[in-house]
Amino acid sequence: MKVHYKINGKDYEFDIHPGKVLLDVLRENGFTEVKGNCYMGTCGACTVLINGTPKTSCTILAAKINGAEITTIKGIGDILNPHPLQKAFVEKGAVQCGYCTPGTILSAYALLKQNPNPTDEDIKKAIDGNLCRCTGYVQQIEAIKYAIALLKEGR
């Protein structure tokens, strides 16, 4: 079956098997920045934004979201023009092994879109579904708070 998505601002059409999950469709079509791990939605490594909401792509049937707007980590910034969250994660040492980083940043991105002045508890709740196997949560929270400062300064 054919599905259509807008991914990182560009239109795509894919021919998929109806039982495939979004994670596999994305990775098989070159969006390898979306990481996969648990296939149960428990680790958050595969988090993408679907119509602006963070979702685990390993638990979403690709056919079910035909027509959706999907944002991966590459959709918010790149190496030449990083989003303040991406910049903050690097500068504050929150990347570590990097496996959870895309999903965690996208969860934080969605939070800051809805609440530009979150409390520490808001931040913890927003990234609660993103497991860091390096246990770098302190650095991640500090990076998100640093990104908030960068955003307020317009950097």
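I started with the aromatics: Y5, Y12, F14 and F31 form one cluster. I'm working from a predicted model, where local features need pLDDT of at least 70, side-chain atom pairs count only at pLDDT 80 or more, and totals for chains, interfaces and linings use all residues. Numbering runs from 1 along each chain as its sequence is written, and side-chain values use heavy atoms, with hydrogens and water left out.

My pairing rule takes Phe, Tyr and Trp rings (six-membered ring for Trp) with centres within 6.5 Å; planes under 30 degrees apart are stacked, over 60 edge-to-face, the rest tilted. I get three aromatic pairs that way. Y12 and F14 are stacked, because their centres are 5.8 Å apart and their planes at 20 degrees. Y12 and F31, with centres 5.3 Å apart and planes at 85 degrees, come out edge-to-face. Y12 lies in strand β2 (residues 10-15) and F31 in the loop between α1 (22-28) and β3, so this pair ties together parts 19 residues apart in sequence. Strands here are DSSP E runs of at least two residues, helices H or I runs of at least four, both numbered from the N terminus.

Next I checked exposure (buried is under 20% relative accessible area, exposed over 50%, partly exposed in between; 1.4 Å probe, protein chains only). F14 is buried at 7%, and F31 is buried at 7%. Y12 is partly exposed at 28%.

Last, I looked for charges over rings (NZ of Lys or CZ of Arg within 6 Å of the ring centre and within 35 degrees of the ring normal). K92 has its charged end over the ring of Y146, 4.6 Å from the centre. R133 does likewise over Y99, at 4.4 Å.
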